[in-house]
Amino acid sequence: MERFVRHTSPSHTKDIQPELCSLKSESFYLNQELKKRGITNTEVADPPLNCEIAYRTLLTSDGVEFLSELCQEFDKEVTQMLQAREQRKLELKQSSHLPDFDPKTANIRESNWTVSPVPRRLQCRHVDLGDVSPSNRAHFVAALKSAAQGIQTDFDDGHCPTWANQLQGLYNVYRAVHNTIPGVPNIEDAPVLMLRPRAWNMVEHNLIVNGQEVLGPLFDFGLLMFHNARILLEKECGPYFYLSKLEGSKEAAVWDAIFSWTEKKLKLPHGCVKACVLIENVLASFEMHEILYALRDHSLGLNCGIWDYSASFINKFGHRRDFLLPDRNKYVSMDRHFLKSYMDLVVQTCHQRGCHATGGMAALLLPKTSSENYEKYQMIQNKVLRAKQTEIEAGVDGFMVYDIRLVVPSQQMWKRLTSSDNQFSKSRSEVKVTNKDLLLMPSGGVTETGLKHNIAVGILFIEAWLRGVGHYYYKGAVEDSATAEISRSQIWQWIRFQAILEDNGKQITMAMVKNLIRETTQEMFWSSENSHFVTEKDRQRLLTAAQMFQEIVSKLDFPEFITTYFNLDHTFLKSQASFSFVSMSALESHL
């Protein structure tokens, strides 16, 4: 009996009567080949339309067998890790306990050790391009042609993990590494690919192992390594990774074990995989030394951003009024004490351990042309450079920008301010950071403008995801899941504690937020900045996004991640569903 199935995920399948459809699907042949090898516990979904070449290139029987073994090898360990996350969050919620530096690991923090030497190509990491989803081929190609030191090749915050996007993104990386994209430099001459798999909160719906959907980061990492690692190693440009949303050193140790197992399995030298950990969670800020130590053979240092990190305070302590975070646009910036302390500690820790400390991404966008908007162009460029100069003076060894046109002026600033590839010699020994420094909430209130801005950012992020897009432009900046995360987190918290608007003294209620959601959505219909809301389908999608946003900010319990919530949500999955391999017209001819 043969089946034709509709796929975004194997959990969303629709049987069609076998006597009406005898076409064999793409996955039928792959799964049959796996069974011939004795692999009966692994199922792969069909490719979306127009992704057949990527599918056949990436999901070979050898590649899928490797993925299956990888997922089975670490299933128990990862499950225990995620359960420990839940347990720790519950403990924080049920007690008045606050995190601190663990006395049990004081020997790691106080002893003298360094991570393995940084590879030659990564000695200078002054300017990386951030939020480059490789599923967006034009953006990825432009990044490969740029003068940046590296590219955050993003399957996480700036990327929407539809099945089509995963396949096309992984395939575009494959093509870049194998030098088959026309007009692009050979991989050894292009900026270094800093590959960023999904975080542990994301699953891949389209690969089933032992009856379970596999975790997104293992799917991404496994295919990236299987197809590209050897070439990247031979060309001295990888394999290098960013690791997202780790909550502590035990999670870093899991990644270290995955790296070591993969190196051995693929017959690669131990320590060739290198990774930079993004400190995006407040709990991880108390274990920076321990994280580097756990990854000491594979570490490229630590990265600090602002919005995912700030949102993690609401995630972990949002049930406490003393952690009420004020209007982020007016009162939350890297010069506030809790964020300045965090960056200073990242720099001090990394330089003590012989690795890079890198800053976050400048999200501002320059106007389309400098000639027509010269003053505005210069104003925005100078604003970005001033903020990044502060980071350089704090001792960072690099940072990210989104706008490719900011790469060269940023590099020119590095040349003016420093004389070496990195600032390891800037030890920041004067920095003394306590748990009070890291947990001190900034003063300030909530503004109506900030409330409306957060609502708009959240709705537009969901609307972009419903279109299969991971980031978008709004009010002169790029917005991604990190800004959507802090936006919906703040609104959830402000409703919960009925925060007062400093403009007019009104109390923020669910009724107020619902009204503002309606008003914001109506304004978007007619906004010139959102000109793609022109058809009835476009407007219906925006209304759906508004309803989904209202749903998530009104939940009794705080949803852990906005991306997890929607990646498991029927509305999002349905929006991405498409017939695979056979077109609708071809199918209809059989009905």
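Helices here are DSSP runs of H or I, at least four residues, and strands are E runs of at least two, both numbered from the N terminus. The model is predicted, so local features need pLDDT of at least 70, side-chain atom pairs count only at pLDDT 80 or more, and totals for chains, interfaces and linings use all residues. Residues are numbered from 1 along each chain as its sequence is written, and side-chain values use heavy atoms, without hydrogens and water.

Select E26, S27, L30, N31 and L34, its buried residues (under 20% relative accessible area). An α-helix has 3.6 residues a turn, so residues three or four places apart point the same way.

What covers that face? Select strand 2 (42–44), helix 2 (52–58) and helix 3 (61–94): the cover of the buried residues includes them, by contact (heavy atoms within 4.5 Å).

G38 takes a positive phi of about 85°.

Finally, show the whole protein. Look for 22 helices and 15 strands. The C-alpha atoms fill a box of roughly 75 × 60 × 60 Å, along the principal axes. Colour by burial: buried residues make up 60% of the 591 residues.

Definitions and conventions: Buried < 20%, exposed > 50% of the residue type's maximum accessible area, 1.4 Å probe, protein only.
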